[in-house]
Each structure stands twice: as structure tokens, then as C-alpha cells.
Amino acid sequence: MADEALFLLLHNEMVSGVYKSAEQGEVENGRCITKLENMGFRVGQGLIERFTKDTARFKDELDIMKFICKDFWTTVFKKQIDNLRTNHQGIYVLQDNKFRLLTQMSAGKQYLEHASKYLAFTCGLIRGGLSNLGIKSIVTAEVSSMPACKLNLHFL
Amino acid sequence: MLGWLHRGKGGQGAVDPRKNYPLYIRSTPMESELKFHYMVHTSLDVVDEKISTMGKALVDQRELYLGLLYPTEDYKVYGYVTNSKVKFVMVVDSSNTALRDNEIRSMFRKLHNSYTDVMCNPFYNPGDRIQSRAFDNMVTSMMIQLTQESSTAMELADKAQHSASPGTQGSASSFSNFRWPKGKVPTWLLKHQLSLLLSTAFKEGSKGAKQESFPRKL
């Protein structure tokens, strides 16, 4: 259990650190979100390289998505994605009903406006992982009620 | 022996220069470097063909190791593709008969492990040439190991030859008892027995602007 808390606390500090060192006007611009997302991107690239070292070759995009939802999510967040939906044309929606990075925050609507900051890194993580597997994508997140979150993947 | 790390999406028949560029190249001897570059470049087509044949039982689709790509009269070419679309190509002297399949496999595993370490290095920008010394050292040790093995093969071949023909002169038979001191293989042996060229993979077109001018005068 201790190793889970390590990443969680580090991540929280990272978010607050980026926002503290933000210059005037950056907070409104969303540059902090971009910074966090880019951090996640580079981490995702390295992580995916390590995780796919011993797995079999992926047959298609759906195979890759299943890997992300099951193995990747389990290794990073110790649980799987609860729901995966797709329109088979490059749009995927991942639903996590109890997102690990948000469970400590609230269990309803409180602090909803700050949720996007804490999802930026994870969006970047997925985008980086996919990019290293050869897929360009756009990843966004929406939170309607903590700690559940929805991640929208759009393959380009 | 020649190795090549190549990155790019397969699927097309011809090698798209924008999509496949080398990340790392290493060869010995240095004289015929361009020839190896050319061979590796042409073998990329074979790699692409192998990974894109869905449904056909030519190669196990779930495996990363591609095996012998094609044998030419002097050299054998082996391939390996990772899930992250990085292609490793190795060209080995055909006279090096001591190399077994699982040895090649283990070499590719080592390469893959080292590449993963390079990827996780925060100072490495994905898409750049690999400049990590640790990677270089790993490749050098692999080359030395292969040279030693080939020299052992040479000795074994000599021994077999001499035992078959007892009329050989004494000077030749004394050669068969010679053993190279560990790690100290003379350069002439390196030159004539083995050539290892590790060329690195090209990254996908997203970093096209950063492409360096690879020797294209093939």
C-alpha cells in the first residue's frame, strides 16, 4: 500500500508546485495544464517502452486499448478501467468510477473545479504511451462527479 | 555483423524515407560501412512485409523476434521489431556458423533492454540519435563476444580439418591449440571475421523536421 501513496502524494505536490511557480496570467491560460500534460507525455513514453518489452505484439488498435485499460492501468493505478466504449472509428471513452488520484479529494461535487488539474498528468500519460506505440491521439478528461472520471481518446 | 535500430510504421511496400530513420549505427570493419547501411535499408522492406502479413502463418504474429530475414551469399540478416515500432536489424558474416538462433535472440533481448533504459533516460529526447555511453558499451561487449565465438569456431574448424588430414604440417596443427586471451582479440580478426553495424531506428514522421542527413549516397 505504501507505494501507492508515494505516487499520489508526489503527484499532488507536482500539481501544486507547477501552480505555485506559475507566472501572472499563466493560470488562466491553461499553460500549467499543458506543462503537466507534457510531463505525463514523456513519462508515458518511457513507461510504455518498459511495459511492452515482454508482451506479445499488438494486433490492432483495439488490442492496444485493451492493454491500456487492463495491464497499463493496473500497473499504474492498481485497478482496471471500469468501462471502455468505442465507435470503432478512432474514438474511445474510458470510464474509471474510482479514479485513484481523486479518491482522497472528495466524494461528490466538492472541489470539482480543481479536478482538471489533477487529470492533466494522466491524460499526458496515455497520450505519451499511445504515441510511443505509433498512435497519434488527443486525450481529454471530464469529471462530473468525484471520484469518477471519463477519459476521451481521439485517434488522429 | 550489422545492426540497425529503425523506427517507423510498417505497411508500405517501399521504405518511406520520412518514416524510417536510424537512431543508432555501429559497424566493424569501418571500410564497408556504406554497403552495410544499404543492406540494412533494403532489409527494412522485408521487416515491414513480415509484420504486416496478418493471418498468414509465415511468422508468429505474437512474437517480437523476426528471425532470419534473408540470406545473401556473404551475410545473414536478422530482424526484431518491438511493440513501439522500433526495428533492430543485425547483419552477420555467413562464415560465422557458430551463431545459433537462441544466441541471436538473446542479443536482441539485450539490445531491447538497453534501448528501454535509453528511453527512460530523462536526458534522452525520443527521436534523437542515441548517444548513451552505456548503450555503446553494451554493443561493444556484444561485438567482442561474437568475435570470440567466431574465433572459437575457427579453431574448432581448424581442429576438425587437421584431424581429418593427418598429413598437415606441424605449424598448422599448433595453431589449433591457440586460445585468445580473454577479451583481447586482435583487430585483424575483428576486421576479417565480423562486422557489426548497429544502425538505429528512424522515428516516425512526427519528428521529421529533426532528421539528420544520414549518408544517402548508397
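Colleague: Which lysine lies over the face of A:Tyr19?

Modeller: This is a predicted model, in which local features need pLDDT of at least 70 and side-chain atom pairs count only at pLDDT 80 or more, while totals for chains, interfaces and linings use all residues. Residues are numbered from 1 along each chain as its sequence is written, chains are lettered from A and ligands numbered from 1 in the order in which they are written, and side-chain values use heavy atoms, with hydrogens and water left out. A charge sits over a ring if NZ of Lys or CZ of Arg is within 6 Å of the ring centre and within 35 degrees of the ring normal. At 4.5 Å from the ring centre of A:Tyr19, the residue in question is A:Lys117.

Colleague: How many aromatic pairs does a search of the whole structure find?

Modeller: Rings of Phe, Tyr and Trp (its six-membered ring) pair if their centres lie within 6.5 Å; planes under 30 degrees apart count as stacked, over 60 as edge-to-face and the rest as tilted. Over all chains, the number of aromatic pairs is ten.

Colleague: Is the pair of A:Phe51 and A:Phe72 stacked or edge-to-face?

Modeller: The ring centres of A:Phe51 and A:Phe72 are 5.7 Å apart. Their planes stand at 70°, so the pair is edge-to-face.

Colleague: Which helices of chain A does this pair link?

Modeller: Helices (H or I, at least four residues) and strands (E, at least two) are DSSP runs, numbered from the N terminus. A:Phe51 and A:Phe72 are 21 residues apart, and their pair links distant parts of the chain. A:Phe51 belongs to α3 (residues 31–51) and A:Phe72 to α4 (residues 61–77), so the helices are α3 and α4.

Colleague: Which residue of this pair is buried and which is partly exposed?

Modeller: Buried means under 20% relative accessible area, exposed over 50%, and partly exposed in between (1.4 Å probe, protein chains only). A:Phe72 has a relative accessible area of 1% and is therefore buried. At 23%, the partly exposed residue is A:Phe51.

Colleague: Are the rings of B:Tyr80 and B:Phe108 stacked or edge-to-face?

Modeller: The ring centres of B:Tyr80 and B:Phe108 are 5.2 Å apart, and with planes at 15° the pair is stacked. This pair also links distant parts of its chain, with B:Tyr80 in strand β4 and B:Phe108 in helix α2 (residues 101–120), 28 residues apart. B:Tyr80 is buried at 2%, and B:Phe108 is buried at 0%. The class of the pair is stacked.

Colleague: Which residues form a cluster with B:Tyr80 and B:Phe108?

Modeller: Ring pairs provide the links within this cluster. Besides B:Tyr80 and B:Phe108, its members are B:Phe88 and B:Tyr115.

Colleague: What pattern does chain A follow along the sequence?

Modeller: Chain A has five helices and four strands. Read along the sequence, their pattern is α-α-α-α-β-β-α-β-β.

Colleague: What is the radius of gyration of chain A?

Modeller: The radius of gyration is taken over C-alpha atoms, and the globule rule is 2.2 Å times the number of residues to the power 0.38. For 156 residues the rule gives 15 Å, and chain A comes close to it, so chain A is as compact as a globular protein of that length. The radius of gyration of chain A is 15 Å.

Colleague: Which peptide bond is cis?

Modeller: The bond in question has an omega near -10°. Its proline, A:Pro147, lies in the loop between β3 (137–145) and β4 (148–155) of chain A. The cis bond runs from A:Met146 to A:Pro147.

Colleague: Is A:His88 buried or exposed?

Modeller: A:His88 lies in the loop between β1 (83–86) and β2 (91–96) of chain A. Although A:His88 is not a glycine, it has a positive phi of about 60°. Its relative accessibility is 63%, so A:His88 counts as exposed.

Colleague: Which three residues supply 39% of the area that chain A buries against chain B?

Modeller: Contact means heavy atoms within 4.5 Å, and 19 residues of chain A are in contact with 26 residues of chain B. Buried area is the accessible area (1.4 Å probe) that two parts lose on being put together, summed over both. The two chains bury about 2000 Å² between them, 41% of it on carbon and sulfur atoms. The three residues, which supply more than any other three, are A:Glu49, A:Lys53 and A:Arg57.
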